[in-house]
Amino acid sequence: MDLSRPRQTPDDAGPRERELLEENARLRRIATALMERVESAGVAGGAPYAAFEHAVLLAEQVRERTETLQRTLAELHAAKAEAEAANLSKTRFLAAVSHDLLQPLNAARLFTSALEEHSLPEPSTRLVGHIGRSLKDVEALLGTLVDISRLDAGVLEPDIAPFPIARLLDVLAEEYRQMAAARGLELHYVGSGAVVASDLALLARVVRNFLTNAIRYTARGKILLGCRRRPEGVEILVGDSGPGIPEEQREAIFQEFQRLGGNRDAEDRGLGLGLAIVDRIAGMLDHPLRLASVPGRGSLFSVRVPHGRLPVTSPPSQATAISPGLGSVLEGARIWVIDNDPGICSGMAALLEGWGCRALTATSLADLEGKAAGAGADVLLVDFHLGEEAPDGLAVAERLRERQPGLPVLVITANHDAAIKGLTRQLGYGCLLKPVKPLRLRMALVDLLGGDSA
Amino acid sequence: MLDLSPDTPVVPGPLEAEPPLRTAVSRRRDPEGAARELAGALRHAELGFVLFFCSAEYPLAALSSALDEAFEGVAVAGCTTAGEITPEGYARGCIVAIGLDRRHFAVSCALVEDLAGFDLIRAQRLVDGLLDDCRGRALAPVGEHSFALTLLDGLSSCEEQVLATLDAALGRIPSFGGSAGDDNRLAHTHVHADGRFHGQAAVVVMINTRLPFEVFTTHHLRPREEKLVVTRADRERRRVLELNALPAAEEYARLVGLPVEALAPEVFARHPLAVRLGEAHFVRSIQRVNDDGSLSFYCAVENGIVLTAMQPAPLLEDLEAVFAGLTARLGEPALVIGCDCFLRRLELESLGLVTPASRLLGRSRVIGFNTYGEQHHGMHINQTFTGVAIGSLPATPDA
């Protein structure tokens with residue numbers, strides 16, 4: 001600043017001196033004003049300028065706090081994203097591990113099934129039976145763990161489609177009738193012609209859990225499997241003449257690792273996750289669950305499924321009603337198997353040949369084309385995932401159908417995504433999830449080969 | 001076929017079909033005609049509130065009753081100006097208004113008549129009343145989705161205390177506003193509420209809406225080297241008697257290189273002074289030169305404050321950047337309510353930039369007025385453009 005401009009001057013001083021005196025006086029005034037200002041700063045009072053300064057200060061504090069808050073929020077978001085990513089990677093890891101475990105397990109199951117078809121000395125038959133049951137347990141446990149992790153991670157997408165309820169219940173009745181009989185129980189099944197809309201695989205898990213529990217906890221008497229039509233949907237019922245569930249425990253049994261009673265024999269190897277899964281699946285499908293029980297008399301579990309309507313173009317499938325005994329169409333059927341795992345290939349070959357099929361196995365399309373040497377097939381059985389570099393099973397099937405139009409295709413996949421299942425259904429292919437259960441494979445083959453006319 | 005005969009009753013269309021805000025301007029000088037013209041453009045079944053800015057040249061009592069009659073049953077608030085901002089940009093001698101649709105805005109309005117006695121208890125009571133009133137009809141959570149608009153008598157010399165007190169009561173509700181003007185005559189400025197104009201008063205309007213909004217302020221002034229110390233001030237009358245221990249007008253004239261006689265609002269606009277608080281500079285605008293060689297200010301002054309000489313950067317570039325930022329954050333604004341210091345307009349006029357400025361304001365959908373001071377989060381500020389930008393609701397899939 002320039003304070004040097006001359007103003008009033010004392011008479012008795014030289015011009016330079018007067019100038020300096022004046023400047024000195026002004027600087028003193030300025031210094032006094034500044035000191036006064038500094039000393040009055042921060043004093044609470046009604047001065048208007050102080051109110052303005054205060055408002056500026058407050059606004060600045062608010063701005064700073066807002067920034068801090070936004071930073072904290074951003075950090076929270078980042079932490080949440082990280083946690084979600086970690087959870088997702090855990091789920092992916094679990095899915096990958098289970099996929100890798102399922103492959104050899106699948107092969108072992110196929111070998112065992114094939115071995116059971118052989119006539120073996122009595123002690124060996126018993127051992128093979130034990131191995132088979134143990135493998136089945138491992139498979140069930142693994143499946144349960146994968147399912148619960150997938151349900152928790154929210155990666156399981158339901159694949160809702162209309163289907164006749166008999167297609168599910170007939171198979172289950174057959175399967176569990178034998179299991180019940182092994183425990184001295186009678187399974188009473190009442191069939192139904194109702195059509196429902198649901199995810200068949202997920203609904204099957206629910207009903208299987210009901211049935212497994214009913215058999216597990218019922219010492220003597222009857223198991224009931226049936227349906228009741230209601231305006232809101234079809235109620236699938238599983239009743240038993242077991243000990244019943246006390247009122248106060250009816251909620252607890254739907255939580256993880258909760259099991260009732262001391263009924264833990266050698267065959268009972270569950271984790272207590274069954275009804276927890278049922279609860280999650282029913283919630284996801286929006287199918288209400290119901291439990292009625294009279295202690296000492298028995299329990300009745302049910303799940304209510306919405307009514308469905310079949311598209312007019314697809315006549316209801318009859319194949320599901322076929323019992324394992326009606327497998328004569330398999331005799332001599334030419335079946336191509338493509339799986340990049342040679343273990344699975346030889347397991348499949350053993351199983352299929354045991355059913356009288358003529359199996360041709362290959363680990364890739366090229367391999368198959370070499371081995372088939374221009375011959376045709378009755379069914380193509382192809383794994384969806386044929387290795388990192390290779391085209392997937394659907395692409396392979398498409399190539400082979402170019403050569404042989406209308407070739408029935410059964411796709412096998414360890415990927416439980418509804419998308420793949422939906423895709424195969426659109427293409428008119430059959431689809432089986434790994435691990436492949438011999439009974440299901442057999443029925444699927446019979447279905448594809450038009451077994452009901454045999 | 002649709003029946004389009006004139007006697008078909010007018011059925012209000014679906015919500016999406018109606019703009020949430022309507023704007024109108026009347027250049028008619030007779031109050032009745034102007035009020036009728038505004039009502040013709042703004043009135044509809046769901047009109048909930050009218051905000052207006054008018055030239056101080058209108059006969060105010062007559063305008064009040066004309067507005068009252070034209071908008072019967074709808075609350076009206078506003079103030080006099082030092083120039084209006086219409087849909088076509090800057091104007092003078094007219095009245096511009098905004099109609100708020102009650103389906104998009106819950107509005108509550110209060111008048112403060114005793115500015116000197118406006119203490120924290122009264123402020124708290126006033127804000128509580130406004131919030132309760134809004135909450136009754138709230139369209140969105142009141143705490144996060146409301147802002148307050150303040151209109152103050154620009155010659156009351158009470159802005160700082162009233163605003164600081166009000167801001168304390170408002171808490172985290174953002175606020176902004178402007179001081180009423182009177183076309184640079186510095187005689188009488190008025191705010192309007194409760195059906196009439198008031199001097200020495202303030203109007204507080206609480207607006208709650210689901211629409212996104214942002215309260216903002218901007219200026220285009222940059223600090224220079226020179227500093228002036230206030231060595232004598234009359235705080236009651238907002239006068240600086242001495243700068244650097246010399247008569248204030250003389251010292252300021254020396255700073256800007258002009259004779260004292262040449263000091264006029266255009267000069268104050270081009271050569272502002274500011275106080276620095278922390279990193280920010282706040283312009284303290286000079287109102288006029290007094291006969292005793294002192295300078296009157298539009299805001300509070302104090303002995304010992306240090307004023308920094310400021311120089312303007314391109315005004316329109318700054319404003320354009322601000323509007324671009326708002327558009328980026330809110331989407332194309334449906335409306336900007338702008339409180340634009342009249343000194344900015346003087347600067348634009350002296351630079352011959354009124355036409356491009358009007359184009360920018362019109363394009364950016366600004367409705368507002370030229371003020372004798374602006375308000376932002378409890379701060380009384382000068383020579384800024386301060387306001388609120390209101391966005392449009394993002395299109396919802398089920399809408």
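A: Helices, here and below, are DSSP runs of H or I with at least four residues, while strands are runs of E with at least two, and both are numbered from the N terminus. The model is a predicted one, in which local features need pLDDT of at least 70 and side-chain atom pairs count only at pLDDT 80 or more, whereas totals for chains, interfaces and linings use all residues. Residues are numbered from 1 along each chain as its sequence is written, and chains are lettered from A and ligands numbered from 1 in the order in which they are written.

Helix 4 of chain B covers residues 159-170, and its 12 residues reach 16 Å from the first C-alpha to the last, close to the 16 Å expected at 1.5 Å a residue; the expected span is 1.5 Å times one less than the number of residues. This helix is mostly covered, with 11 of its 12 residues buried, among them Glu159(B), Val162(B), Leu166(B) and Leu170(B). A residue counts as buried if 20 or more other C-beta atoms, placed from the backbone, lie within 10 Å of its own, as exposed if there are 12 or fewer, and as partly exposed in between.

Turning to chain A, we find 11 helices and 12 strands, and buried residues make up 31% of its 454 residues. Where chain A meets chain B, 22 residues of chain A are in contact with 26 residues of chain B, contact being defined as C-beta atoms, placed from the backbone, that lie within 7 Å. Helix 2 of chain A gives the most to the side of chain A that touches chain B, with 11 residues.

Chain A also holds an open sheet of 5 strands in the order 9-8-10-11-12, with parallel pairing, where two strands pair if DSSP finds at least two bridges between them. Strand 9 (358-362) and strand 12 (430-433) of chain A stand at the edges with a single partner strand each, so one side of each has no neighbour in the sheet. Within this sheet, strand 8 (residues 334-338) of chain A pairs with strand 10 (residues 379-383) of chain A in the parallel sense over 4 bridges, and Ile335(A) stands opposite Val379(A) in strand 10 of chain A. Helix 11 (residues 438-448) of chain A packs on the sheet, touching strand 10, strand 11 (409-413) and strand 12 of chain A, and its direction makes about 175 degrees with that of strand 12 of chain A; such angles run from 0 to 180 degrees between N-to-C directions, with axes fitted to C-alpha atoms, for helices over the stretch in contact.

Ile338(A) has Val382(A) as its bridge partner in strand 10 of chain A. Strand 8 of chain A, with 4 of its 5 residues buried, also pairs in the parallel sense with strand 9 of chain A, over 5 bridges, and there the bridge partner of Ile338(A) is Ala362(A). From strand 8 of chain A the chain crosses through helix 7 (residues 342-354) of chain A to strand 9 of chain A in a right-handed β-α-β crossover, meaning that, with the strands pointing away from the viewer, the path from the first strand over the helix to the second runs clockwise.

Technical notes
Contact = placed C-beta atoms within 7 Å.
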